[in-house]
Amino acid sequence: MARVDHLVWAAPDLERAVEDLARLTGATARAGGAHPGAGTRNAILGLGARTYLEVLAPDPAQAPLAAPAGLSDLTTPRLHTFAVASERLDRVAAKLEKAGLPHPGVIPMSRRLPNGRLVRWRLLVPAGHPYGPLAPFFIDWGDSPHPADEAGGDCRLTALRITHPQAWSLRPLLERLEVEVAVEDGPPGLHARLATPRGEVAIGAA
């Protein structure tokens with residue numbers, strides 16, 4: 001089965017979100033870097049081997065309108081979406097096409113770490129479905145170091161669950177993509193449980 005690579009915790013302000021997360025978990029996310037042209041920057045909290053929580057927020061050093069609309073409109077942090085690791089994005093693309101889901105192809109991306117090192121990765125983002133960010137995107141880090149390797153922290157991802165009013169159709173789609181995440185009926189939302197220095201913590205859609 002596919003492995004969860006990272007969760008995206010979207011927030012209106014990066015520093016405040018990192019402080020809130022530290023109070024909640026007892027662990028501090030490390031500065032990641034900016035995403036030039038995307039209007040965002042991030043911080044990283046390790047959640048175990050090759051798994052992490054990305055705190056993602058608008059970058060005030062970039063144009064205000066560069067950040068995605070869903071991110072710039074936030075007033076409080078929320079668990080937004082998640083990424084699934086894959087070393088064969090071509091196979092994932094074929095599965096998406098077989099399921100009738102279009103995609104823009106594999107997208108190469110990069111960002112520079114605070115230490116100056118350039119990190120590169122590739123994304124595959126399914127489209128043409130009604131699930132919004134609750135359908136995962138797929139990522140391949142290639143030869144780049146994985147962000148979780150240097151993220152630190154004593155936290156672990158112990159459970160991940162999706163709720164959606166169309167759970168009946170999202171569930172078999174994820175099964176075809178070999179994504180092993182629980183899907184239940186309910187309002188749209190992504191819900192995670194973390195083992196942290198302050199005990200088990202739940203983070204979710206709001």
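**A chat about a predicted model**

Modeller: This is a predicted model. One place to begin is Val125, which is partly exposed, with a relative accessible area of 31%.

Biologist: Where does Val125 lie?

Modeller: Val125 is in the loop between strand E7 (118-124) and strand E8 (137-140).

Biologist: And which residues make the nonpolar surface patch?

Modeller: Ile107, Met109 and Val125 make that patch, with an area of about 180 Å².

Biologist: Why does Val125 count as partly exposed rather than buried or exposed?

Modeller: Because buried means under 20% relative accessible area and exposed means over 50%, and the value for Val125 is 31%.

Biologist: Change of topic. Where is Arg156 found?

Modeller: Arg156 belongs to strand E9, which covers residues 156-163.

Biologist: What does Arg156 touch, leaving out residues up to four places away in sequence?

Modeller: Its contacts are Leu47, Gly48, Arg193, Leu194 and Ala195. As for Ala195, 39 residues apart from Arg156 along the chain, the two C-alpha atoms are separated by 5.0 Å.

Biologist: Is Arg156 buried, exposed or partly exposed, and at what relative accessibility?

Modeller: Arg156 counts as partly exposed, at 43% relative accessibility.

Biologist: How many residues are between the strands?

Modeller: Four, and in this hairpin Gly37 takes a positive phi near 85°.

Biologist: Which residue has a positive phi although it is not a glycine?

Modeller: Arg50 is one of them, with a phi of about 55°. Glu178 also has a positive value, near 60°.

Biologist: Why point those out?

Modeller: Because most residues other than glycine have a negative phi.

Biologist: Where is Arg50, then?

Modeller: Arg50 sits in the loop between E3 and strand E4 (52-58).

Biologist: And Glu178, where is that found?

Modeller: Glu178 is in the loop between helix H4 (167-176) and strand E10 (182-184).

Biologist: At what relative accessibility is each of the two?

Modeller: Arg50 is at 37%, so it counts as partly exposed. Glu178 is at 34% and counts as partly exposed.

How values were computed
Residues numbered from 1 in each chain as written. Predicted model: local features only at pLDDT ≥ 70, side-chain atom pairs only at ≥ 80, totals over all residues. Heavy atoms only, no water. Helix = DSSP H or I, 4+ residues; strand = E, 2+ residues; numbered from the N terminus. Buried < 20%, exposed > 50% of the residue type's maximum accessible area, 1.4 Å probe, protein only. Contact = heavy atoms within 4.5 Å. Pairing = 2+ DSSP bridges. Patch = residues over 30% accessible without salt bridge, like charges linked within 9 Å, V, L, I, M, F, W, Y side chains within 5 Å. Areas by Shrake-Rupley, 256 points an atom, 1.4 Å probe, with all protein chains shown as cover. Salt bridge = Lys/Arg side-chain N within 4 Å of Asp/Glu carboxyl O.
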